[in-house]
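Me: I have a structure open and want to go through it step by step. Shall we begin with how it is divided up?

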Amino acid sequence: MFLWMRNTHLILGLAFFFFAIIFAVSSLVIIYRPWLPDSRVDTEQTIKIDAAAATSPRALALELMRNHDFEGDLRQVSEEDGVMKFRIVRPGTHAIFEYTEGSDAVQVKTQRWGWTETFVQLHVNHGFHHEFLPASVWAELSLLGSIALLLFGASGLYLWFVLHEERLIGSVLLVLGLVYGLTSLIWSRMA
Amino acid sequence: MKKLHMWSGLLTFTAFVVWGITGIYAIFLPAPGEWKPPEVSSRREFSFAAPGNLDDKELAKRIFGAAELKMAGGHYNVHRDDDQNLAFNVFTSNGPRNVTYFEDKKRVLVEFRDGGLGGFVSSMHTAHSRRDDARDDHHVAGGEVKRCFYGCAIPI
């Protein structure tokens, strides 16, 4: 049992190491964002399209994905007074489109972030709703990573518990963490 | 090194559990644009006389201060509703609060929308001491606020 738990702890730790680093770095970016330079770079362009392909925002988005190398999830779709607006987003890059019905050109503003902000966008890339395959794979990896985190903690707890000489100081640290964490959670919930 | 590994793991065990639960919870969240806020769980009204010559942003800030909402991570989406009343949303770890100021009656209405336990743990995992700074300086600049699972600290 000990060996099995030790191997589980080790394998999970190694398998999700870089994954954990991305989440740790992005958490720091979220907290200290005001101290960091804004890495976003915006570019604008006009793309010629066949107006017949723009029967709806989704049809136009698919045309842009197939023939103009835009990749990502379709988001924030709106259509009003003959103007279609939507975004094609993936972590680190958001393309914002505006198209007037009947026109043969689409206005595109592309926002690109540096690696730190891309990590943040990976951090919040969740859910089973993605049409963009890499985003979907990443979200599923996030689920596995979260389950692994719980197993990692549980196996670590077991490995500590079987070391009798570490039980006293370990118990103190565990209780300190639990009391601090649970008090914060319960206090906040009751507020 | 072995002891440091063990001790730090034990001390942060609760955080690992919270992050693990949050990660599992997050994967089942609805797609952007499909999220619906929790139902109104309670309401509170109080009197508020606004000083003159304030723009909406400043007025919202004063009302937000006067409302003294607990566990509030900041206010956002300041706007005028269909009846031209000043309205804004407040993020708290227990769920969003919708605040409306009825200028003619000099009354503020706060609608509490308490979320479930999963949403609460998810919100708590975003709690950090610089949330207000993060939101004010970068969040609004980084993207439109469509929903606020992450303490309004992240462009979504």
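Reply: Domain bounds here come from an automatic or database domain assignment. Keep in mind that this is a predicted model.

Me: Which domains does the assignment give for chain A?

Reply: The assignment for chain A has two entries in its list, and one of them is written as two segments. Domain 2 covers 41-112. Domain 1 is 2-34 + 133-190.

Me: What distance separates the centres of domain 1 and domain 2 of chain A?

Reply: The centres are taken over C-alpha atoms. Between domain 1 of chain A and domain 2 of chain A, the separation is 40 Å.

Me: How far does helix α5 of chain A reach, from its first C-alpha to its last?

Reply: Helix α5(A) spans residues 133-161, which is 29 residues. At 1.5 Å a residue, 42 Å is expected. The reach in the model is close to that, at 42 Å.

Me: Which glycines of α5(A) are buried?

Reply: A residue counts as buried if 20 or more other C-beta atoms lie within 10 Å of its own. In α5(A) the buried residues include A:L149, A:F152 and A:W160. Among them are also the glycines A:G145, A:G153 and A:G156.

Me: Now chain B. In what pattern do its helices and strands follow one another?

Reply: Chain B has five helices and five strands. Of its 156 residues, 34% count as buried. Along the sequence the pattern is α-α-β-α-β-β-β-β-α-α.

Me: In what order do the strands of chain B sit in the sheet?

Reply: The sheet is open, and its pairing is antiparallel. β1 (42-47) and β2 (72-80) of chain B are at the edges with a single partner strand each, so one side of each lacks a neighbour in the sheet. From one strand to the next, the twist averages 20°. The order is β1-β5-β4-β3-β2.

Me: Which residue is the bridge partner of B:R43 in β5(B)?

Reply: β1(B) and β5 (residues 107-112) of chain B run antiparallel, joined by six bridges. B:E45 has B:L109 as its bridge partner. For B:R43, the partner is B:E111.

Me: How many of the six residues of β1(B) are buried?

Reply: β1(B) stands at an edge of the sheet, so one of its sides has no neighbour there. The strand is hardly covered. Its count of buried residues is zero.

Me: Is B:Q84 buried or exposed?

Reply: B:Q84 lies in the loop between β2 and β3 (86-92) of chain B. Its phi is near 65°, positive in a residue other than glycine. Most residues other than glycine have a negative phi. B:Q84 has 8 other C-beta atoms within 10 Å, and 12 or fewer counts as exposed, so B:Q84 is exposed.

Me: What is the phi of B:K106?

Reply: B:K106 sits in the loop between β4 (97-102) and β5 of chain B. With 11 other C-beta atoms within 10 Å, B:K106 is exposed. Although B:K106 is not a glycine, its phi is positive, about 55°.

Me: Which element gives the most to the side of chain B that touches chain A?

Reply: In this interface, 37 residues of chain B are in contact with 38 residues of chain A. Elements giving two or more residues on the chain B side are α1 (2-11), α2 (13-27), α4 (117-124) and α5 (131-142). That side divides into 24 nonpolar, nine polar and four charged residues. The most, 12 residues, comes from α2(B).

Technical notes:
Residues numbered from 1 in each chain as written. Chains lettered and ligands numbered in written order. Predicted model: local features only at pLDDT ≥ 70, side-chain atom pairs only at ≥ 80, totals over all residues. Pairing = 2+ DSSP bridges. Helix = DSSP H or I, 4+ residues; strand = E, 2+ residues; numbered from the N terminus. Axes fitted to C-alpha atoms, helices over the stretch in contact; angles between N-to-C directions. Expected span 1.5 Å × (residues − 1). Contact = placed C-beta atoms within 7 Å. Nonpolar A, V, L, I, M, F, W, Y, C, P; charged D, E, K, R; others polar.
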